[in-house]
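Subject: Handing over the two-chain model

Hi there,

Here is the structure I promised to pass on to you. Please have a look at it first, and then read on for what turned up in it.

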Amino acid sequence: MEPILEISKLIKQFDGKPVLKEVSFSVYPGEIVGYIGPNGAGKSTTVKIILGMIDRDGGDIRLFGQPIESYDVSYKSRIGYVPENADLYETLTAKEYLLFIGELYGMEENVVLKKSEQMMDALGIKESFNGRLASFSKGMRQKVLIISSLLHDPDILFWDEPLNGLDANSVQVIKELLGKLKKEGKTIFYSSHVMDTVEKLSDRILILNDGEVVANGPFEELKEEADGTLEQLFNTLTGFDQHAALAEQFLLAMKGEDADDA
Amino acid sequence: MMRDILGLKKSEKAPVYLRLIDLISFIYTRLGVNYSQMRLILELKMTMDGRRDSALPGFESGRRSDQEKNQFFSSLWVYTLISLFLLFLFAYDNWVFQYTTYFSFLFIMTFSTLLANFSTILLDTKDATLIGTKPVDRKTLGAAKATHVGIYLVAFTLAIGLPVIGFTFYFNGIIAGILVFLLSLLASLWCLGLTLFVYATILKQFDGERLKNIIAYSQISLSVFMVLGYYLVGQIFQVIDPETLLVEMNLSVGHVLLFPMWFVAPFGMLQEGLSTTYIIYTALLIIGTVGLALLFNWNTDKIESNLQKMDSSSTKQTKRSFIERMAASVLCFDPLEKAYFHFGWQITKTEREFKTRLYPSIASALVFPVVMTYTTLTSGEPGVTQSPVTFLYLPYFTMLMIPVLTVSIQFSKNYKGNWVFNLTPNDSKAPFMRAVTKAMLIKILAPLYIAVATLVLYFTGFAYLLQMINGLLLTSVILFLEMKRSVAALPFSRKYAASEANLGCMGTLIFFVPVFIISVIMIVSQSFIPNAEWVILLILVGVNGWWMRKGFNSKAKK
């Protein structure tokens, strides 16, 4: 099968510091790919480059079988995107915001309104349809963003931390939804810090560390390299094994004692 | 094309500006902009501007209205009022002189408003995440942003120009009237085009931290150029005969770069007939306009594609400087206040939006004194020291910044962070206000004042040291009063919005009257009444001592 997204040797620098060092991977249609890595590893940067928000310094990206530079912006109408930090136009109501996003995708007003109201109903925030986004809790904003990324029935989803701020019940709904979207043939590319979710949900896991892909494969395969959970694997691959010592150090600092004496 | 029909159908209930833009929608379409998308973005932005962001519940002191009303448009009449003074121009019979003064004024006002108040919108990065990820091309987004600012700018320009435009019809005929109206519109678009060009170039050339600094410097230098240009334009004319108000113009090749003059040339032709100078200048105006339009068309998407660079941050070590520490320990009398002092100092150091607002006004506060010093020195009169009074008031120009400063201080990009003030154990508003006022005094006003005062002392001698100190103390008191008057909520707790761009323009107007009177009293009394400076010093030290300890304390609490 031909990959829906193919990235090869992607390079990006900020202020002369390399953020992505020749990142290469492929995503196939109908896959759920978990993209994980420590803070600052370059996860969001990768997604931003794919979406054309920032320019890359090198490498090739093919999406839907063609290099992205060959498209005009229309390819973005096949993408659903949830940004990392729940940035919204807060003075708008949920209705106005969703209507705006829907119309940017070229959808009809009544279609957008119907869809978004039903989707909000399903996520349990229907009564806030006419409420200002500024008054929404973090979880509610996240739901609005998830809805806005699905309004136009896209083929591939890029979700940056989609579970951010959601309560346990909503997380379950979203997890279930991801499974159903997969059955519909959608491709899902998401990042998260919640390891057991990623472990259970993803067909394939990509681990990014310091601008490089350090692991790429189904969890079953990856497990063979290091026993145990994804969390342990993650720690090993990102070279992190001192959590106990660091916690100790933190506590000492809080008490005002010197870590070196301890 | 189908979309246009849709757009027109909607327009029956649409606001005026949207209907006007619908009229020129073909231009956008021709430039490759997706007009219906652009209109949608524009409509949304204007809706948002009309709404105030409700701050944290319980921490805003009143003034929370949910009604939709765009503050910007309803405050424009103030500018019309200010520019009524331009009507004196019609006393002169020289059209070129009339419109040179008019266009210089127009350009300087529009440009400084644009730089200080609308740069934040032009350089906003949020749209890239929320709109740029949808099938909207950069050109459309760029055009939407430019139009958004353009609407405000055109309204602003017309508000300023209204008196002159109106009376031109009456005094100079219909053709001149139409001409001045169209050229005023063009002038505001010029300001926008030039600014966008500068930003696009800088965004393209630079990266990271340096980019942010250079943006700030570019704002300062643009303002300096504007003020200098204003000064140079003034030099072209000489009043030959004050009684008949006859003016002579000495236009030379060196003045070719003063582009406001290009706008004036058509009027020269209209009144005096063709001449080489006027033809060249009119040609320059046309070429310049076409050039700017081309640059704009070429640049709109470039700005968007490079804007994301503004968000990259580098970890630079920051330290509390010596002055900051010194001032904190000398001026702040309790630990809470000290903490707030450092907070205010640091936040204004790192926040780009704050600098964007404030820096242009620093430039104009400094340029006037420098230009005047220069003029006095080069005017050929050897005895500068004989009339020190002309020098003594120069440092007072620093006070021009105070209204802008007190407005800027209310806003922050990170306005949401203000929940932190709810956590502090005791009533924090008064110490917070005191601390921020002190921080601004030491960080921004005092250095500027001292710089100008040193310049003055250099020319007049140290005999006037006491007067200079008194001036600084007066500045401090006025800053306190203005802070008390204009800062309703907590500092750094409001969100930037286009509609509030000219917030404080009324304040500035009201501000000038008493400040001017007090300044005159200060200068005159110190020059003519013996020992007055000692009395004033005592009074001012007393007042300053009071506000630095007790200022901003709420009376209700006691």
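What covers the buried residues of H2(A)? The cover includes helix H3 (109–122) and helix H4 (138–150) of chain A, together with helix H4 (35–50) of chain B.

Before going further, a word on conventions. This is a predicted model, so to speak of local features a pLDDT of at least 70 is needed, side-chain atom pairs count only at pLDDT 80 or more, and totals for chains, interfaces and linings use all residues. Residues are numbered from 1 along each chain as its sequence is written, while chains are lettered from A and ligands numbered from 1 in the order in which they are written. Helices (H or I, at least four residues) and strands (E, at least two) are DSSP runs, numbered from the N terminus.

H2(A) is mostly covered, with 8 of its 11 residues buried. Here a residue is buried if 20 or more other C-beta atoms lie within 10 Å of its own, exposed if 12 or fewer, and partly exposed in between, with C-beta atoms placed from the backbone. Among the buried residues are Tyr97(A), Leu98(A), Leu99(A), Phe100(A) and Ile101(A). After H2(A) comes Gly106(A), with a positive phi near 80°.

The contact between the chains takes 24 residues from chain A and 24 residues from chain B; two residues are in contact if their C-beta atoms, placed from the backbone, lie within 7 Å. Helix H2 (residues 94–104) gives the most to chain A's side, with 4 residues. By class, that side has 14 nonpolar, 3 polar and 7 charged residues. For these classes, Ala, Val, Leu, Ile, Met, Phe, Trp, Tyr, Cys and Pro count as nonpolar, Asp, Glu, Lys and Arg as charged, and the others, Gly among them, as polar.

**Strands in chain A**

Two strands pair if DSSP finds at least two bridges between them. In chain A, 4 strands form an open sheet in the order E2-E1-E4-E5, with antiparallel pairing. Strand E2 (17–27) and strand E5 (66–67) stand at the edges with a single partner strand each, so one side of each is left without a neighbour in the sheet. Strand E4 (residues 58–63) pairs with E5(A) in the antiparallel sense over 2 bridges, and Leu63(A) stands opposite Gln66(A) there.

Strand E9 (residues 204–209) of chain A has 5 of its 6 residues buried, so it is largely enclosed by the rest of the structure. Strand E3 (residues 32–36) of chain A runs parallel to E9(A), joined by 4 bridges, and Val33(A) has Arg204(A) as its bridge partner. E9(A) also pairs with strand E10 (residues 212–217) of chain A, this time in the antiparallel sense over 5 bridges; Ile205(A) has Gly217(A) as its bridge partner in E10(A). The hairpin of E9(A) and E10(A) has 2 residues between the strands, and Asp210(A) takes a positive phi near 55° in it.

**Other positive phi values**

Most residues other than glycine have a negative phi. Lys9(A) is not a glycine, yet its phi is positive, about 50°. Lys9(A) lies in strand E1 (residues 5–14) of chain A and counts as partly exposed, with 13 C-beta neighbours inside 10 Å. Glu161(A), also not a glycine, has a positive phi of about 55°. Glu161(A) sits in the loop between strand E7 (156–160) and helix H5 (168–183) of chain A and is partly exposed, with 19 other C-beta atoms within 10 Å.

**Chain B**

Chain B comes to 23 helices and 2 strands, and buried residues make up 41% of its 558 residues. Helix H7 (residues 95–122) and helix H12 (residues 259–272) of chain B pack at an angle of about 155°, with their axes 9 Å apart. Axes are lines fitted to C-alpha atoms, for helices over the stretch in contact, and angles run from 0 to 180 degrees between N-to-C directions. The angle makes H7(B) roughly antiparallel to H12(B) (under 35 degrees counts as roughly parallel, over 145 as roughly antiparallel, 65 to 115 as roughly perpendicular and the rest as oblique). The residues in contact include Trp95(B) and Phe103(B) of H7(B) and Phe263(B) and Gln271(B) of H12(B). They divide into 11 nonpolar, 4 polar and no charged.

Best wishes, and enjoy exploring!
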